[in-house]
Amino acid sequence: MLYLQRFRFGLKRLFLQPALSVPVVLSLGLTLAAVLTVLSVYYTLMIRPLPQIQAPEQLSVRNLKVDFGATSVNLLNQSIFAHFKQHLRSYGQWGFVSAVTNERVQTSQQEHQLTRLDASAGVPELLGVQLLLGNSSTAADQNSGVWISETVWQQLYQRDAEVIGQTLSYKGKAHKIAGVYKDVLAIPTSPEPAALQFWHFFDDTQQKSSGQVNFGSSGVTIFRGQKQPDEATIQQWLQQFLQDAPELSKLSIVSSQRDYRAEILGDKVKLIWLLLAVTLTLLLIAALNLTNLLLAHYQSRSQEFAVQMLTGCSVFRLKLLVAVENLSLVLPSVILGVLTSLWLVKSLPFLAGDSLPLLHTIRLDAEVLAVHCLLAVLLLVLFSWPLPIPAQLASALSASGKGQTKQQNSVLVNVLFISQLTLSTIIICGSVLLAYQGYRHIYTGYGFELVNSYMIDTNTKVDPGLVALPPEEMRASMLHYQQRNELLQQKVRQRWPEAIVMNSRQQPVDSRYTIRTMTDERRNTPMTFAVSRVDSQYFAAYGIPLLHGRTFTAEDSEQAIIIDLTLARQLSAEDPAQLIGRRQGIEHIVGIVAPVKNLSGLPMWYVNSKPLFTERQLLVVVLPEGQSLTAAEVQQTFGEFAAEYPELKVESMQQHWLNTTRQDRINFYLISAIAATALLLALLGIAGMSQQQSRRKRYEIAVRMATGASQRQLLWFAGRHSGLILLLGIIFGSALTLLIFNYISGYFSLFKVMNWQALLLLEMVFAAVALVAMLWPCWQVVRHDPIQTLRNQ
């Protein structure tokens, strides 16, 4: 009955003392929600079995990458994989799969966007994916039809039992449905597949033909077996393969092998551990703040506790009664944490984007909820166990409340406060510096102006037979292309008179790059760079500075090139200007421009964009700000030629930039939110500590004020204790920040470029803000009427 009364008393306090209950419930509930969400991510990705994958411990992924320095490209594609599998099939089962998202398919006169999984025959069986309908894919080839996922079967075919034999069309060709598999999301492809997916298999017995040197795809090679082929075996196959492709022998090819789950997670494991450490630290900061707040609350109830002790209540029972009383604060916090975490888990695909895999499979498991309940119990103990028990019960009962009452557990309060400040300094400094670096990475240092630019792509299929045309027919094809190109440019200029129309095949923010490797004959050093085809207006239109030489002219051929300063310094360590006029093979350098930030991360090699012998037209249009360009408008502008380009696309560079930086911007906002949360918790703790100390001294402050003390003297008297604790906390936090950043810089590349001067400046700013948060409660006490204070006492 006594415990029930205490619980009811706690519920009344919840509503009657909002100054105590609201900070506790909100700060504790929201930090618990963050911890619960990260724990769910950790459990799903690191512990829970992968969905639809059987015995993943027997699976591994073999990577063969062509290393270009700043970037790397997958060596294996479908045909090279067939060659690879033929030579290593004795070790176990091999499979190859790649994913294409947003593939347009037609079913019953309706268009949908699905993920297409191009795989070698038998990959679902290799992974252990359950077959629901139809035949197995172990003997499938490109003519066997397609296999759809359960979600496609349910949403597009309403689980029709007669779905086998129906058609699904894409790229203008109808394919019969041969089977239905369970949805499989745990595939380490890039991009990550969605539940709306279908499988199309290729014949992995067709090996690479002699002389074929094309390579690269986004696919992954999966192996299931007890014994991995050793590196010597891989190199033996590679040497045999390179005999048929001598052009690749000069490239650096790196082989590696990783466990299946590790390949899915990649470097995201470090991110998960970092998020877990940050959220637990925030929870600890909130818990320490609230413990100090409750200790101050207990201090005001010392007479009540003394009466209970004198009536026979033991220390353990008194602490248990206080724990039951605090249950009314912890339970709402736990409920708020669970509800907020449910919303966060549903929002993870938007919040995290591509930062983490398998986001759609994350949920609150029973094991995670059990850990959540355990944390709640630990918090309840933390809030209740450091209860200040009066050392002398009689003196506690006879205390008048006047003067500076000696605080119980003062050492504990100071230690908790210093710990909270130390952790806050670490989290605030780290997150603010990361947010600053993220801001600079996203919004600065591009080397070009993010103008209102559009790429018009007719998306015409290129006829491979054009390259084998006789010289006369090839010249006629090029002339036809040039005439058509000029005519389309003229139509665009007539429709948008203020536009800059360029015969360029790339924009500064673009993924259409050709990676090229060559050896500098003079220095005998290999170079890797990205090739971009542009015209004479390109550099002025995007504000790319010309450092040396000149830009392209109408008289220049394709042999005229412009390079950026980064590549120029690789060619000449002395004076890059000396490179003007220098020949590189059959090409000659006419200009050097400033480097730009591009998606390839490589130096740039600009080629004069002369007309090519292809019907695929690419035009770049730069419009004044506020204007826009759509595919429908371009189709209308092309007039009689529009029918020849039914797949015409228009891509905005600004929208491409938004899509490219979307994940970086989300990370920037999340890190900023963490910094703001840590700062808010720190300031609340500092203000609470200062208010507690000032209120304990308010009677003596009133007496000193009445006897003529100045406000500056009173502020020093009221805040000197809190100021000393604040100074110690920031010093310890700064020292630990330096040590921690120095340690984790070996694991996270972001911390390797940490600006230590900026870190020192940030800590000084934090100290100044914390000082204001400490002095404000002191000022509120000092400026109070001393006569009124003495009367109230």
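This is a predicted model: local features need pLDDT of at least 70, side-chain atom pairs count only at pLDDT 80 or more; totals for chains, interfaces and linings use all residues.
The chain has 793 residues, of which 48% are buried. Its secondary structure consists of 23 helices and 22 strands. Among contacts with a separation of 6 or more, 81% are between residues 24 or more positions apart.

One part of the surface can be followed residue by residue. Tyr3, Phe316, Leu320, Val377, Val381 and Trp385 make a nonpolar surface patch of about 560 Å². Two helices, helix 10 (315–352) and helix 11 (366–384), each supply at least two residues of this patch. An α-helix has 3.6 residues a turn, so residues three or four places apart point the same way.

Trp385, also part of the patch, sits in the loop between helix 11 and helix 12 (393–398). Its relative accessibility is 43%. Because buried means under 20% and exposed means over 50%, Trp385 counts as partly exposed.

Helix 10 has a feature of its own. With 38 residues at 1.5 Å a residue, a straight helix would span 56 Å, but the end C-alpha atoms of helix 10 are only 48 Å apart.

Conventions. Residues are numbered from 1 along each chain as its sequence is written. Side-chain values use heavy atoms; hydrogens and water are left out. Patches are made of residues with over 30% relative accessible area and no salt bridge: like charges are joined within 9 Å, nonpolar side chains (Val, Leu, Ile, Met, Phe, Trp, Tyr) within 5 Å. Accessible areas come from the Shrake-Rupley method with a 1.4 Å probe; for residues, only the protein chains shown count as cover. A salt bridge is a side-chain nitrogen of Lys or Arg within 4 Å of a carboxyl oxygen of Asp or Glu. Helices (H or I, at least four residues) and strands (E, at least two) are DSSP runs, numbered from the N terminus. Buried means under 20% relative accessible area, exposed over 50%, partly exposed in between (1.4 Å probe, protein chains only). The expected span of a helix is 1.5 Å times one less than its number of residues. Contact means heavy atoms within 4.5 Å.
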